[in-house]
Amino acid sequence: MGSDSTIKNDKQIKENVKEVKKKVKKERQVENAEDFLFKRSIPVPDDFVKVQGIDYFQPSAFNMNAKDLVKSMRTTGYQASSLGKACEIINEMRKWRGKHISELSDEEKTKGKFDEKGYQRTTIFLGYTSNLISSGLRETIRYLVQNKFVDILVTTAGGIEEDLIKCLGSTYLGDFSLPGKQLRKDGMNRIGNLIIPNDNYVEFENWINPILDRMLIEQEEAAAKDPKFLEYGTKSFWTPSKMIARFGKEINDESSVLYWAYKNKIPILCPAITDGSIGDMLFFHTFKKSPKQIRLDIVHDVRIIDTAAIEANHAGMIILGGGLIKHHIANACLMRNGADYAVYINTGQEFDGSDAGARPDEAISWGKIKADALHTKVYVEATVAFPLIVAATFASKKPKAIRGSSRL
Ligand SMILES: NC(=O)c1ccc[n+]([C@@H]2O[C@H](COP(=O)([O-])OP(=O)(O)OC[C@H]3O[C@@H](n4cnc5c(N)ncnc54)[C@H](O)[C@@H]3O)[C@@H](O)[C@H]2O)c1
């Protein structure tokens, strides 16, 4: 009996000890968890910026202007902050001034861009995809070109023809979900949620063909004057940028980007000019005029953009969308060992290795953007972001003289 109760007591004691150990262990774990959870920070560095959105208790929060709105976005976080940064970079590229022309050698005087007082300023390259001209962003781009706020433009074929076509017929708001089968039956074309009647392209064909005819005659006349004109080593008469300038002259319409680029002698580069309706027109034209045909020299145009980049005192890129337009500007800036400022606005992602989605840091690795350049990528649809960016930068003040009269 006695030994039985001793065994029982021992068991009980062991159980109790086990219980206590368990408790102690749990308490220690809780203590550790508390340590992990309430781990102390290092002192907050002085240059940390506090996240702060709009304070709607302030009277200034109502009916805000673009500059103030963008300023509040800068401290909001995520893409709002990137958009705010894009505005800061654009303001910096516009503000930069180098030497006065009087301090320069005769050769230096011919290179890069100067402000109206004769100081060196940044050469600004603006690139945009075709669909942005189809959208109402065309009017924002036109404003920049009309006021000579940008120096070199790069776009794709649709960015040329859609600007011209809009002078001949309208583009309409539709819906992303409109079925293609019915649209095709109705002779309507869809770009996202925009609709373009096919008649507009018929109008375009009627408009462009007599111009192509005259361009061919001018080319042949130039060749007749100089038999070696079209041979290897001599210049072609037409280049994509020369042809685009001619279209700008012929359209003679103040609502057009091409018209203002022509007026202000701002080159529009479009190395893939044939990938659109213009290409179709050029294709048919070769049959109409066979065996003669218009020749376009893209090598001459690459000299224009590369030389502009090399000679720029500072180079800034503003690139809306990706693909050809993004790389063509970045590649030109490689010739100067990198742009000094870069603002990318696009929805592209980098995980697939695409150039369209590549961040500025990838371009730094290639020498297309300088390592110490100011740069940002805003991951946003350009029609949302760019009017806001322009309102807070280029259009934050009325230009001294708005060029031309807008009838829009
Ligand atoms: N209106 C048109 O879109 C149109 C008309 C005629 C011909 N085309 C031809 O289609 C071809 C492809 O067009 P593309 O090279 O101009 O570009 P794209 O439309 O193929 O776009 C290239 C990339 O830019 C980015 N992007 C495009 N739109 C954007 C937006 N609204 N916001 C943010 N990012 C955006 C995306 O990452 C996209 O993958 C070109 O050869 C062009 O001439 C287009």
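Residues are numbered from 1 along each chain as its sequence is written. Because the model is predicted, local features need pLDDT of at least 70 and side-chain atom pairs count only at pLDDT 80 or more, while totals for chains, interfaces and linings use all residues. Helices (H or I, at least four residues) and strands (E, at least two) are DSSP runs, numbered from the N terminus.

Two packed helices are described by the angle between their axes and the distance between the axes. Here the axes are lines fitted to C-alpha atoms, for helices over the stretch in contact, and angles run from 0 to 180 degrees between N-to-C directions. Angles under 35 degrees count as roughly parallel, over 145 as roughly antiparallel, 65 to 115 as roughly perpendicular and the rest as oblique.

Helix α12 (residues 277–288) packs against helix α9 (residues 198–225) at an angle of about 50°, and the two axes are 10 Å apart. The pair α9 and α12 is therefore oblique. The crossing of α9 over α12 is right-handed (a crossing is left-handed if the near helix is turned anticlockwise from the far one by less than a right angle, and right-handed if clockwise). On the α9 side, the contact is made by Tyr 201, Phe 204, Glu 205, Ile 208, Asn 209 and Leu 212, and on the α12 side by Ser 277, Met 281 and His 285; two residues are in contact if their C-beta atoms, placed from the backbone, lie within 7 Å. Sorted by class, the contact of α9 with α12 has five nonpolar, three polar and one charged residues. In this scheme Ala, Val, Leu, Ile, Met, Phe, Trp, Tyr, Cys and Pro count as nonpolar, Asp, Glu, Lys and Arg as charged, and the others, Gly among them, as polar.

Helix α12 also packs with α7, at an angle of about 85° and with the axes 8 Å apart. That angle makes α7 roughly perpendicular to α12. Ala 157, Ile 160 and Glu 161 of α7 meet Ser 277, Ile 278 and Gly 279 of α12. The contact of α7 with α12 has three nonpolar, two polar and one charged residues.

In the loop between α12 and α13 (298–311) lies Pro 291. A cis peptide bond joins Ser 290 to Pro 291, with omega about 5°.

A further pair is helix α3 (residues 78–95) and α16, packed at an angle of about 45° with their axes 10 Å apart. These helices, α3 and α16, are therefore oblique to each other, and α3 passes α16 in a right-handed crossing. Leu 83, Ala 86, Cys 87 and Ile 90 of α3 make the contact with Ala 385, Ile 389 and Ala 392 of α16. The residues of the contact of α3 with α16 divide into seven nonpolar, no polar and no charged.

Helix α6 (residues 137–146) is mostly covered, with nine of its 10 residues buried. A residue is buried if 20 or more other C-beta atoms lie within 10 Å of its own, exposed if 12 or fewer, and partly exposed in between, with C-beta atoms placed from the backbone. Among the buried residues of α6 are Arg 138, Arg 142 and Val 145. The cover over the buried residues of α6 includes β3 (119–128), α5 (130–134), β4 (152–155), α7 (157–168), α11 (257–263) and α16 (382–392). Just after α6, Lys 148 takes a positive phi of about 55°.

The largest nonpolar core has 83 residues; such a core is a set of buried Ala, Val, Leu, Ile, Met, Phe, Trp, Tyr and Cys residues joined through C-beta atoms within 7 Å. Leu 153, Leu 258 and Met 317 have the most contacts inside this core. Apart from neighbours within four places in sequence, Leu 153 is in contact with Leu 126, Val 145, Ala 261, Ile 266, Ile 268 and Leu 269.

Most residues other than glycine have a negative phi, and most peptide bonds are trans. Asn 63, in the loop between α1 (2–37) and α2 (66–74), has a positive phi near 55°. This residue, Asn 63, counts as exposed because it has 7 C-beta neighbours inside 10 Å. Asn 337, in the loop between α14 (324–334) and β10 (339–345), has a positive phi of about 65°. With 13 other C-beta atoms within 10 Å, Asn 337 is partly exposed.

Asn 346 is found in the loop between β10 and α15 (360–366), and is buried, with 23 other C-beta atoms within 10 Å. Leaving aside neighbours within four places in sequence, Asn 346 is in contact with Gly 321, Gly 322 and Ala 356.
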